[in-house]
Amino acid sequence: MTIRRIAASDRISGLIMLGFALAGLLLANLPFTAHAFEQLEEFRIAIPRTNIDMGLGHWVQDGLLTVFFLTVGLELKQELTTGSLSNPKAAAVPMLCAVGGMLVPPVLFIAVIALFAHFGPGGVGELVIASGTDFSFGEMSHGWAVPTATDIAFSLAVLALFAKALPGSIRAFLMTLATVDDLLAIILIAVFFSSVNAWYWFIGIAACAVVWYFLVRMQKVPWLAVAIVGILAWVMMFEAGIHPTLAGVLVGLLTPARERFGEKSPRAERYADKLQPFSALLALPIFALFATGVHFESLTWALFVSPVVIAVIVALVVGKPLGIMITAWLSTHLAGLRMAKGLRVRDMFPAACACGIGFTVSFLIASLAYQDAELSAESRFGVLIASLIAAVISGILLSRQSKRFEAAQRQSSETDDRYADDGTDDEVETVLEDGTIAVSQMIGTRNETK
């Protein structure tokens, strides 16, 4: 029960993942641990009679991370069926903001790379990374998708740590945005980072999907058969050339999200709850350990001015909130859509900064986007630094915003006392110094004389 509570805590699970990420960076670069860590990462594990033969690091990325994507798939199905995404009109603004937040970062990434290509020390058209290796503009621009994703676990962890007094509508906005962001990132990986192989594997994937669909709808689910079908779907995805973690998303989306046979809660919700501890406390931390466990010849200040590192930092820290805020303003001022009651576009800026925390999916895309090990390593280092910067900035802004809302709530409470005996029920709006509107319901009590 304690493990389940820890996994359910955004702040604790986020800090655990960050600790493993920093541990991976240290283990891969400390002189007395670097060689052992490299051997561990490259330890080969093969499945007989298949083409699947990978090092332990790749098994974590392609295999263990599937648990995380299965959880994402289950949560997405629940949100699309009965959650925040089931009413597109109500969720329109955060959904559009998720799109805007994924479109602007690649533009800034390419712009920074182009500036380095024209004015950097490597000469026109050449870019020099921290190790001294030259790359062309075309090679480095392959990482355009690295800064597109938001890490929902870390962004909510920052919100939980620094925004205790904020209204639930801000957390709901961030949750909806990050959920749609996850869905778009999944589509992006499937479209741009898959090398499709023989067509007949897709028949196998479709067959697994159909069998899963019927198995999880039976009154008594045959779990052994479900496990076998899930593993077969993963193998089929791998052989088809599609990133195998997407098998988790596929079967998750095919799981029923409404109560059946008199159940108290939907199966997608129950399965996600059961997988959450395994995902948050095992799959994601171990993935973070190996994702950041990249060896650098020397950890020098040159890393911080490497073109790919700077491009990732600018794209995540600046591009993410910029894309979200521009989209929020356009959708509310020009498209006629509305924010949640009591919120203005400016209120979302601190939460938008938290969306610059890339981490999990950004690490995965960095490993898929670059074939060169050094370039992939530096891009992942950029994701780590950018995520830390975004977390610090959003933490400071959310803390200040939370204090303003807390002050407004105290003021509303005093107003409530004044209205308590006049027998009226009314809404009182308190305008803060920055223009934020805090709405509170004044419920009066009527005194009667007999």
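**Helix packing**

Modeller: Helix α4 (residues 56-81) packs with α15 at an angle of about 150 degrees, and their axes lie 12 Å apart. Here an axis is a line fitted to C-alpha atoms, for helices over the stretch in contact, and the angle between N-to-C directions runs from 0 to 180 degrees. Helices (H or I, at least four residues) and strands (E, at least two) are DSSP runs, numbered from the N terminus. The model is a predicted one, in which local features need pLDDT of at least 70 and side-chain atom pairs count only at pLDDT 80 or more, whereas totals for chains, interfaces and linings use all residues. Residues are numbered from 1 along each chain as its sequence is written, and side-chain values use heavy atoms, without hydrogens or water.

Biologist: How are α4 and α15 oriented to each other, parallel or antiparallel?

Modeller: Angles under 35 degrees count as roughly parallel, over 145 as roughly antiparallel, 65 to 115 as roughly perpendicular and the rest as oblique. The pair α4 and α15 is therefore roughly antiparallel. As to handedness, a crossing is left-handed if the near helix is turned anticlockwise from the far one by less than a right angle, and right-handed if clockwise. The crossing of α4 and α15 is left-handed.

Biologist: Which residues of α4 and α15 make the contact?

Modeller: Contact means heavy atoms within 4.5 Å. From α4 come Q61, L65, F68 and F69, and from α15 come T360, V361, L364, S367 and L368. To class them, Ala, Val, Leu, Ile, Met, Phe, Trp, Tyr, Cys and Pro count as nonpolar, Asp, Glu, Lys and Arg as charged, and the others, Gly among them, as polar. The contact of α4 with α15 has six nonpolar, three polar and no charged residues.

Biologist: At what angle do the axes of α12 and α15 cross?

Modeller: Helix α12 (residues 267-291) and helix α15 (residues 360-369) cross at roughly 45 degrees, with axes that come within 11 Å. That angle makes α12 oblique to α15. Their crossing is left-handed. In this contact L284, F287 and A291 of α12 meet T360, F363 and L364 of α15. Five of the contact residues are nonpolar, one is polar and none is charged.

Biologist: Is D62 buried or exposed?

Modeller: Buried means under 20% relative accessible area, exposed over 50%, and partly exposed in between (1.4 Å probe, protein chains only). D62, a residue of helix α4, has a relative accessible area of 7% and is therefore buried. Apart from neighbours within four places in sequence, D62 is in contact with M54, W234, F238, H243, P244 and T245. The C-alpha atoms of D62 and L364 are 9.3 Å apart, although 302 residues separate the two along the chain.

Biologist: Where is G323, and what is in contact with it?

Modeller: G323 is in helix α13 (residues 307-333). With a relative accessible area of 1%, G323 is buried. Leaving aside neighbours within four places in sequence, its contacts are G100, G101 and V104. C-alpha to C-alpha, G323 and G100 are 4.7 Å apart in space and 223 residues apart in sequence.

Biologist: How many helices and strands does the chain have?

Modeller: The chain has 16 helices and six strands. Of its 450 residues, 51% count as buried. Among contacts between residues at least 6 apart in sequence, 76% join residues at least 24 apart.
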